[in-house]
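Here is a short report for a first look at this structure. Start with the open spaces, then turn to the domains, the helices and a few backbone details.

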Amino acid sequence: MTSQKFESFQLTNGLRVVVQTMSGLQSAAMTLMVPAGAVYDQRGKSGTAAILSEMFPRGAAAMSARELSSAMDNLGLQRSVSGGLSYITFSTATTADRITDAVPLIASMVLNPHLTDQQFGPARELVHQALNAMEDEPKQQLGHFLRRCSYPAPWGNPAEGTMADLPGISLDDIQQHYNKFVTPQDAVVGVAGNISAAELQPVIEEAFAAWQPGESFTPAIGRVEDSPKHIEHDSAQTHIGIAWDTVPYRHERYFEAWAAVSLLSGGMSSRLFTEVREKRGLCYAVSASINTQRDRARVFGYAGTTNERAQETLDVMVAEIRRLHEDITNEELQRCKARAKSALIMQQESTMSRSSSLARDTLHLGRVRELEEIRTKIDSLTVDQVRDFVVDYAPSSMVLVTIGPEALDPACVSAPAAVV
């Protein structure tokens, strides 16, 4: 295990920085999360944050897109800019001795992007192509509609934007979004690797000193789309999505929620995989996972199957979810714990993963959750705890979205557990 040493500091403009020194490694990674994601898109302009995210790497300050890209390649930087629902995230990783050279390039990209007509057209075209590709992927479409039926707008809006809104987004919209939301006071930097806060602090302070704070915004809450929802699609397959309430990452019972979902869908010995796919042969894919935002979360379940077996797949899947509290064994729980520890060890060895976790923990929890704390919480989980959680948070009704030739009978998703 690499050593864990956490330090943090805050710039006068409000930018928070958390550093984990991992002395056993030779690499370092940096993640900057800025609260300027799709939830801040204007009504009728869904896709603004996605286009802006595509424009950041297209030149900064005096550097053209090619010069910026070459400078980053010269440092061996692996990097990405992604527009998510809540945040635009800048991620980069390289060898530890070069991370301080990378900081000014990232800062220049954030503070002085080329938001011009020349860059706007190609960036919007890339978002258009991504949305086109999504229309050809029913599973991605299903996730899109499942979020809309699970969360109130704008928290259920697609981070990728919508094809309908794309033509109405102008360069002026992009510039306004940038000026209003790309500000430092609610942003966080996570850095992990063989580097110390003492080495980083002067570099980050100088690079981001010109970043001026602005106003903080809270999006207005809208409505949740109606469910059940069916999207007709001429195909030999039916895609099924279901969702139900659970607790978010910051909740004190989150790890009980994680264990419950892991029993359902944590590997090839999990209940959904065993009962729905292996034992009955109803579908080629079945899964469930927690989708967590800062203050709300849902479990999203998915199954892909043939049209003939779609109704039975849905019925059996929901029945397994409703009977999850029954016969939980210590052996099942131990398998979940083993998988979690394996993931923790792999995360411990990835600076990119750790830098992302540092930034996310700071935004969700207001502090860093150390791996040892996570390990202790997982180790201390008992069968009774997990069973109690499943009973306390049993889905009284579920969101249902299907894509295929015919809608399914939704009775099982709203029926009381004893009836199913």
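## The largest pocket

The largest pocket holds about 840 Å³ of space. This is a predicted model, in which local features need pLDDT of at least 70, side-chain atom pairs count only at pLDDT 80 or more, and totals for chains, interfaces and linings use all residues. Residues are numbered from 1 along each chain as its sequence is written, and side-chain values use heavy atoms, with hydrogens and water left out.

A pocket is an open set of points on a 1 Å grid over the protein atoms alone, with protein on both sides within 12 Å along at least five of seven lines. Lining residues have an atom within 4 Å of a point. Grid points are joined across faces, edges and corners, and a volume is the space filled by probe spheres set on the points.

Which residues lie nearest the centre of the largest pocket? They are S86, Y87, W155, R294 and H364, out of 33 lining residues. Two or more lining residues come from each of β4 (78-83), α6 (171-181), β9 (283-292) and α12 (351-365). Helices (H or I, at least four residues) and strands (E, at least two) are DSSP runs, numbered from the N terminus. α12 gives the most, with 3 residues. By class, the lining has 11 nonpolar, 13 polar and 9 charged residues. Here Ala, Val, Leu, Ile, Met, Phe, Trp, Tyr, Cys and Pro count as nonpolar, Asp, Glu, Lys and Arg as charged, and the others, Gly among them, as polar.

## The second largest pocket

About 650 Å³ of space lies in the second largest pocket. Its lining counts 31 residues, and D41, Q42, R43, P154 and N157 are the closest to its centre. α6 supplies the largest share of this lining, 5 residues. The lining splits into 12 nonpolar, 10 polar and 9 charged residues.

## Two domains

The protein chain is divided into domain 1 (5-208) and domain 2 (229-413). These bounds come from an automatic or database domain assignment. Taken over C-alpha atoms, the domain centres are 28 Å apart. Contact means heavy atoms within 4.5 Å. The lining of the largest pocket draws on both: at least three residues come from each of domain 1 and domain 2.

Two packed helices are described by the angle between their axes and the distance between the axes. Axes are lines fitted to C-alpha atoms, for helices over the stretch in contact, and angles run from 0 to 180 degrees between N-to-C directions.

Helix α8 (residues 254-265) packs on helix α11 (residues 330-348) at about 105°, with the axes 10 Å apart. That makes α8 roughly perpendicular to α11. Angles of 65 to 115 degrees count as roughly perpendicular, under 35 as roughly parallel, over 145 as roughly antiparallel and the rest as oblique. From α8, W258, A259, S262 and L263 make the contact; from α11, E332, L333, C336, K337, R339 and A340 do. This contact has 6 nonpolar, 1 polar and 3 charged residues.

How do α11 and helix α13 (residues 371-379) cross, and at what angle? Their axes come within 10 Å and cross at roughly 175°. The two helices are therefore roughly antiparallel. K337, A340, K341, L344, Q347 and Q348 of α11 meet L371, I374, R375, I378 and D379 of α13. By class, that contact has 5 nonpolar, 2 polar and 4 charged residues.

## One cavity

The structure holds 1 cavity of 30 Å³ or more. A cavity is a set of grid points where a 1.4 Å probe fits but cannot get out. About 40 Å³ of space lies in the largest cavity. Its lining is S262, L263, S269, S270, E332, R335, C336 and R339. Both α8 and α11 give two or more of these residues, and α11 has the largest share, 4 residues. The lining divides into 2 nonpolar, 3 polar and 3 charged residues.

## Backbone details

Most residues other than glycine have a negative phi, and most peptide bonds are trans. The bond from A153 to P154 is cis, with omega near 5°. P154 lies in the loop between α5 (138-150) and α6. The bond from S227 to P228 is also cis, with omega near 5°. P228 sits in the loop between α7 (197-208) and β7 (229-232).

A61 is not a glycine, yet has a positive phi of about 50°. A61 is in the loop between α1 (48-55) and α2 (65-74).
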